[in-house]
Amino acid sequence: MQNLTLEGYLAADPSILSAQGSGKKRASFRVLETTRFRRASDEPGERTTGFNCVCFNEATTENYIQPYARKGSRVVIQGHVENDTWKGKDGVEHFDLRLIVSDIRVKNRRDQSQTPEPSPGVSEDGGEPVGGYDLNDDIPF
């Protein structure tokens with residue numbers, strides 16, 4: 001089996017689909033990875049490669065991909081490569097490689113205009129700590 005770790009950016013919002021019969025969710029998306037290099041003439045060059053990815057893990061699809069992954073999101077993906085074949089409407093057989101996702105990390109940049117979330121254990125108004133105790137108090141023993 002060919003395992004692959006890929007870091008790149010989502011080309012579009014992921015497509016979330018439900019399987020017929022079972023209703024299990026899966027996600028399919030395309031990741032673009034750009035390689036920069038120097039030509040023999042010492043001029044810079046770059047090549048962008050697109051990878052078709054499919055995640056069959058329903059928990060990962062619902063808990064990470066659907067709420068957080070958006071077009072332009074930076075992702076790190078681990079998975080294995082499979083051949084995908086299909087016949088077109090014209091009867092011609094097509095071949096493609098796709099990455100079956102086993103692990104994904106979405107690395108979104110935080111929007112600077114967002115207000116920071118309150119820290120755990122402190123009420124939203126900044127007053128009395130939640131639960132009646134302050135984590136910064138001295139421990140009595």
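Me: In this predicted model, contact means heavy atoms within 4.5 Å. Which residues does Cys 55 touch, not counting residues up to four places away in sequence?
Reply: Cys 55 is found in strand β4. Leaving out residues up to four places away in sequence, the residues that Cys 55 touches are Arg 26, Ala 27, Thr 60, Thr 61, Ile 65 and Val 101.

Me: Is Cys 55 buried or exposed?
Reply: Buried means under 20% relative accessible area. The relative accessible area of Cys 55 is 1%, so Cys 55 is buried.

Me: How many disulfides does the structure hold?
Reply: The count of disulfides in the structure is 0. Cys 53 is in none, and the nearest cysteine sulfur to it, that of Cys 55, lies at 9.7 Å.

Me: Is Cys 53 buried or exposed?
Reply: The cut-off for buried is under 20% relative accessible area. Cys 53 has 2% relative accessibility, so it counts as buried.

Me: Which residues touch the most other members of the largest nonpolar core?
Reply: This core has 14 residues. The elements giving two or more residues to it are β1 (3-10), β3 (25-38), β4 (44-55), β5 (74-87) and β6 (93-107). Those touching the most other members are Phe 29, Val 31, Cys 53, Ile 65, Ile 77, Val 101 and Ile 104.

Me: Leaving aside neighbours within four places in sequence, what is Ile 104 in contact with?
Reply: Ile 104 is one of the residues that touch the most other members of the largest nonpolar core. Beyond its neighbours within four places in sequence, its contacts are Phe 29, Thr 60, Ile 65, Val 75, Val 76 and Ile 77.

Me: Where is Gly 45, and is it buried or exposed?
Reply: Gly 45 has its place in strand β4. Its relative accessible area is 11%, so Gly 45 is buried.

How values were computed: Residues are numbered from 1 along each chain as its sequence is written. This is a predicted model: local features need pLDDT of at least 70, side-chain atom pairs count only at pLDDT 80 or more; totals for chains, interfaces and linings use all residues. Side-chain values use heavy atoms; hydrogens and water are left out. A nonpolar core is a set of buried Ala, Val, Leu, Ile, Met, Phe, Trp, Tyr and Cys residues joined through side-chain atoms within 4.5 Å. Buried means under 20% relative accessible area, exposed over 50%, partly exposed in between (1.4 Å probe, protein chains only). Helices (H or I, at least four residues) and strands (E, at least two) are DSSP runs, numbered from the N terminus. A disulfide is a pair of cysteine sulfur atoms within 2.5 Å.
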